[in-house]
Amino acid sequence: FPQRPLKDFHALVTAGPTHEAIDPVRYIANHSSGRQGYAIAEVLAELGACVTLVSGPTDLPVPPGVERVRVSSAQEMLAACEAALPVDIAVCVAAVGDWSVAQVADEKLKKLGGAPPSLTLKENPDILATLSKAGPLRPRLVIGFAAETNNVLAHALEKRQRKGCDWLVANGVGAGTNVFGGQRNRVTLLTGQEEESWPEMSKFDVARRLAQRISDYFSSLSIK
Ligand code: C5P
């Protein structure tokens, strides 16, 4: 991209799973690979944006031209995102754990032959909703992802409203879709004006198409 249409733009991307500690050796996590978010960060950087990638634990290499901040829990991810503000664009792709353990044990929990321990969970902060409601620090374009197993569009429409983001990228992750952890994705982009279903493509092609839409959006505003 010789003309680098997103030059002078700062973008924040969240990616990967979170790990919520149970004790010093155990955690609650999910199957997110981080691939979709890393691809988006990489393509935004190719378009010239200054990209901060706040990433949960993954084995993926840092994409060229991207500044990566590694975090573990949802709470740390929120703090790293807030520290990256102000940004023009936020793309929340991370599969943030919904709950964390209310009282993380200081020592490894022991199997003492009695009843198994029970864990009390507490709700994690919603990073996408927090960024969408960040007042004067709100990014100009906030994009969320919605991985759903059923009624994908209905849930996505509701989620866009509830979280207050501008665009929502909805995808089905039900049994047999192989999206979580896989290389390909099939998404619908909800912008509030349009509802666009894209054919199945690689996560990189989803990233390219989304980044192009972001760049077109800002050139249509032509404020910057
Ligand atoms: O509610 P749900 O987890 O399905 O919402 C998905 C969207 O919200 C994704 O963009 C995800 O990155 C974001 N999210 C978040 N913080 C949370 C939960 C979800 O940023 N605690």
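At 5% relative accessibility, F218 counts as buried (buried means under 20% relative accessible area, exposed over 50% and partly exposed in between, with a 1.4 Å probe and protein chains only). F218 and Y217 form an edge-to-face aromatic pair, with 5.1 Å from centre to centre and 75 degrees between the planes; rings of Phe, Tyr and Trp (its six-membered ring) pair if their centres lie within 6.5 Å, and planes under 30 degrees apart count as stacked, over 60 as edge-to-face and the rest as tilted. Y217 is partly exposed, at a relative accessible area of 26%.

## Basis of the model

This is a predicted model, in which local features need pLDDT of at least 70 and side-chain atom pairs count only at pLDDT 80 or more, while totals for chains, interfaces and linings use all residues. Residues are numbered from 1 along each chain as its sequence is written, and side-chain values use heavy atoms, with hydrogens and water left out.

## The aromatic cluster

The structure holds 3 aromatic pairs. In one of them the ring centres of F9 and F218 are 4.8 Å apart and the planes stand at 55 degrees, so this pair is tilted. Because F9 lies in the segment before β1 (10–15) and F218 in helix α5 (residues 203–221), the pair ties together parts that are 209 residues apart in sequence; helices (H or I, at least four residues) and strands (E, at least two) are DSSP runs, numbered from the N terminus. F9 is itself buried, at 7% relative accessibility.

One aromatic cluster is formed by F9, W167, Y217 and F218. Over the face of W167 lies R213, at 5.7 Å from the ring centre (the criterion being NZ of Lys or CZ of Arg within 6 Å of the ring centre and within 35 degrees of the ring normal).
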